[in-house]
Amino acid sequence: MRWWRAWWSTPATFRIGTAIIAVFVAMAAIGTYVLPYDPAQIGTGKPLEGPSLSHLFGTDQLGRDVFSRSVAAARVDVLVSFLGAAGGLVAGAFLGLFSGFIRGPIDEILQRLNEALISIPFLILGLLLLTVLGPYFRGEPIAVVFVLTLIYLPRVARMARSAAIEIAARDFVTIARLRKQRPFTIIWRELAPNAAGVLLVEFAIRAGYAPILVGTLGFLGFGVKPPTPEWGLMISSNRNLMVVAPHTVLGPGLMLTLFVIGLNLFTEGLARLVGRSARTGAA
Amino acid sequence: MNDRPLLDASDITVSYRHEGRWLTAVRAAGFSLSANEVLGFAGESGSGKSTLVGQTLGYRHPNARIDSGRLLFRGRDVLGMDERDLRQLRGNRIALVPQNPTTSLSPGMRAGAQIAEVLTAHDFDGGRVALRDRLAELFRLTGLDGVEGMARRYPHQLSGGQQQRLMIAMALACRPDVVVLDEPTTGLDTTTQKQVLDLLRRLKTTTRMSMLYVTHDLAVLSEIADRVGIMYAGQVVEIAPADVLYSAPRHPYTIGLLGSRPLPGAPAGGRSEPLRGLLRRDQLPPGCPFQPRCAFSAPSCRDTPQALVEFAPGHAVACQRHELVAARTSAPRVAVAPKPTDREAAAPLLELDGVSLGYRGGGFLARPRPVVRDISLAIRAGETLALVGESGSGKSTVARGISGLLSPLAGRIRYSGTPLAPLLRQRALAACRDIQYVFQNPDASLNPRMRVGRILEQPLEVFFRDDAATRRRKITAALESVQLDSTYASRYPDQLSGGERQRVAIARAMIVEPALFLCDEVLSALDVSVQAHIVELLDQLKRSRRIAMLFISHDLAVVRVLADRVAVLFHGMLVEEGPAAEVFAPPYHPYTLSLFNAVPGSKAVTLRAPPATTPPPEVEIDGGCTFAARCPVRIGPLCNTKAPPPRRTLNGSTIHCHHELGALATIGGTAGQIMEQGRA
């Protein structure tokens with residue numbers, strides 16, 4: 001009962017965003033089991049058939065069901081986006097909080113490295129990394145996760161560092177210092193919980209961009225390997241048919257757009273929710 | 001001259017909406033203000049005093065609603081005015097001086113432009129020359145004419161006192177009839193506060209304006225108000241001429257408020273009972289709102305609403321039992337036994353020997369500028385040393401140096417006979433345990449994401465190897481020692497009041513059984529009635545556990561209650577040090593005397609520090625006395641160039657001054673006698 005009321009008192013954007021994300025997570029989890037067709041099966045209908053009741057998004061060049069493929073692609077896209085953003089958050093938060101807490105020369109060095117990483121356009125950085133990783137890793141979802149982590153790390157770290165500097169100036173941190181507690185203990189117990197609100201919103205923002213990045217990498221042919229259903233890859237491989245059979249591109253495009261909108265609504269609501277609780281003091 | 005008051009408010013009730021419910025902030029309150037009169041309103045925070053006087057400016061918060069009332073200004077009802085009429089009224093006829101000048105002044109606008117804006121907004125028609133003349137006149141009125149290039153300064157180039165003067169100048173710009181002052185001196189230190197109060201008193205006679213003065217500090221009102229109204233839970237509970245209210249208060253709440261804050265004139269030993277409990281808006285009885293906290297209440301008080309009744313000319317009180325209260329409180333108060341003095345012989349617990357401290361500023365290679373210079377102090381076990389001085393004098397820096405947060409530039413700190421390492425990193429864990437720091441602001445010193453129990457558990461984990469059961473027991477004991485019950489352990493800091501938070505902060509320091517407390521302005525963030533409780537608590541802990549304290553404060557009244565010894569700092573230099581009784585008696589250092597004179601409520605002004613416009617001494621002092629630039633009895637160039645020699649009095653205090661002790665005794669003569677009477 002209390003949970004129900006708390007849920008309805010959250011911002012509407014937060015509720016709608018959460019609902020959309022929930023649908024995509026469900027698709028990623030059980031999509032392949034309830035689909036009308038096997039996403040890899042060729043010739044489920046005539047090639048390039050338009051949308052109909054049996055093929056909601058129509059079929060592609062090989063007669064594969066675009067709807068089934070778009071839903072199945074959620075597995076890779078959702079998982080890779082979340083893992084990438086989470087990786088960037090954890091690594092970035094750790095580095096940023098540490099750097100902002102200890103200050104001094106180590107902080108300076110870390111910040112310069114950070115700036116160097118940020119100054120490289122992220123797409124170029126991503127392509128560079130995938131090239132360096134070599135053909136063995138390229139095409140594996142884990143490689144995309146790794147790239148995402150490295151792209152987000154410096155951006156999150158910067159955010160975390162400024163939060164850490166602000167919190168470290170407060171008296172309760174001074175008290176902990178006067179107890180001679182270890183820096184990592186102080187970071188974990190005093191800094192991290194107080195930076196959690198900021199970092200949570202930061203995570204949501206990053207997660208909101210992640211699917212676009214995954215799609216872009218896929219579109220450029222640097223994402224996952226071709227037979228795997230993935231939105232960016234599907235748009236890329238069907239782009240020549242855009243004029244003849246727009247539904248082949250529209251299906252995955254629609255999914256990608258919807259997911260990003262859901263994430264952004266969620267983020268906006270979350271930011272307001274966190275801001276509100278910070279103001280009223282409710283934990 | 002007509003006899004109708006300038007402002008006449010009656011039966012004003014204002015509510016605020018909070019989470020969908022309407023809560024009454026001001027309940028059927030009224031007052032009147034005559035021409036050239038200063039009416040003060042006092043009460044704890046949340047008593048509705050700001051809301052009440054805010055109505056004179058037609059202040060309407062979107063979340064507020066005026067339920068009833070009438071507020072006549074020269075016969076016109078302010079509450080019924082529309083926005084256009086209000087704009088004509090505000091700033092023009094009734095002006096406001098808000099609490100915090102730093103947030104009220106526009107940071108990107110020069111001082112002159114800010115005042116000019118007020119004038120032009122109210123149709124000042126005289127052209128540029130007249131505008132400039134009016135500016136000069138306002139600066140002269142507020143004592144800002146001595147500041148170089150005042151009109152072209154930005155707010156950040158002004159001191160706190162000057163900023164508040166600028167706010168006052170803005171309020172006076174249109175020659176208003178009434179000036180509303182909402183806690184105008186709360187953010188200022190005592191010396192600056194004194195200067196602002198002097199200014200206001202002068203303005204009252206020169207401009208013949210009326211003032212509505214809102215503050216939580218009754219001592220401040222005693223300096224300036226003609227009449228004083230006391231508010232509690234939205235009601236005016238007592239209103240009387242100032243001298244009557246201070247000498248013969250009738251409402252139990254007024255009596256409690258006066259008892260909460262030791263006034264300089266009151267006997268030091270015989271503290272009256274401070275107020276019990278807290279104002280709980282959710283637990284107000286239908287009758288007298290003060291009943292739950294009242295020591296004089298009868299069963300009928302709970303259900304009988306108390307109306308303000310004028311029982312003597314000008315003196316009204318909202319208490320059905322006020323006659324009985326008056327009879328009972330006029331009995332002489334019992335004096336507390338004198339403090340033990342057997343500590344003189346004991347070896348010092350903490351010794352500072354020629355310590356200088358400073359912060360590294362500016363560039364990478366810049367030499368640290370000393371904030372505190374060549375200080376020697378000693379604290380014995382169980383003894384309280386108060387460190388007093390205005391803000392910026394380096395009091396907190398001394399505490400930071402002792403705690404190891406700041407490494408001394410010169411000098412040595414010894415703790416129970418052995419040298420203390422300058423940096424925390426090099427100190428033994430035991431030394432860290434023995435010296436505990438309590439900060440000014442409990443909001444910042446407690447981790448908001450940690451439960452109270454966990455906050456108290458952390459020091460135990462670091463300093464002791466207890467098992468879980470022992471820890472729990474110690475936490476309960478620590479909470480009880482600060483008069484909180486064990487259920488508080490499961491709460492988060494934001495579920496506590498300010499006073500409770502400060503108790504938790506003290507409990508966290510207590511729990512490790514320290515030998516020395518560094519209390520850095522621990523009271524200044526708290527409400528007056530809460531302050532009294534914390535003072536009592538510290539006094540109790542000091543007696544029962546023999547904890548030594550370095551008590552940093554700018555509040556001399558509290559210092560007199562708590563301190564065994566007092567050290568006076570001015571701009572990083574120790575000017576006087578000795579047993580409290582000695583420092584509070586002549587001979588005085590000229591700065592100490594000016595500090596005493598600055599205490600609101602002390603009428604003993606025999607010598608004044610130069611007027612407020614004198615900037616703080618930023619002149620390069622070549623090893624001379626830092627107070628020289630402001631000293632009223634300066635000898636000459638000697639003071640600027642040579643460090644004043646320490647002079648020891650017969651009773652064990654030390655004064656750093658070029659004057660002989662005999663000469664110092666005479667300059668503070670009258671003031672000294674009055675302070676003496678206070679102690680006797």
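1. Helices here are DSSP runs of H or I with at least four residues, numbered from the N terminus. In helix α4 (residues 104–119) of chain A, R112(A) and E108(A) are four residues apart and therefore separated by about one helical turn. Their side chains meet in a salt bridge at 2.7 Å, N to O, a term that requires a side-chain nitrogen of Lys or Arg within 4 Å of a carboxyl oxygen of Asp or Glu.

2. The model is predicted, so that local features need pLDDT of at least 70 and side-chain atom pairs count only at pLDDT 80 or more, while totals for chains, interfaces and linings use all residues. Residues are numbered from 1 along each chain as its sequence is written, and side-chain values use heavy atoms, without hydrogens and water.

3. R112(A) also forms a salt bridge with E115(A), at 3.1 Å, N to O. R112(A) is partly exposed at 44% relative accessibility, as is E115(A) at 35% (buried means under 20%, exposed over 50%, partly exposed in between, with a 1.4 Å probe and protein chains only).

4. In chain B, E223(B) and K194(B) form a salt bridge with the closest N and O atoms 3.6 Å apart. Because E223(B) lies in helix α8 and K194(B) in helix α7, the pair ties together parts that are 29 residues apart in sequence. E223(B) is buried at 6% relative accessibility, and K194(B) is buried at 9%.

5. Chain A contributes 16 residues and chain B 26 residues to their contact (heavy atoms within 4.5 Å). Across this interface the rule finds one salt bridge, in which the side chains of R189(A) and E461(B) meet at 3.2 Å, N to O.

Definitions and conventions: Chains are lettered from A and ligands numbered from 1 in the order in which they are written. Helices (H or I, at least four residues) and strands (E, at least two) are DSSP runs, numbered from the N terminus.
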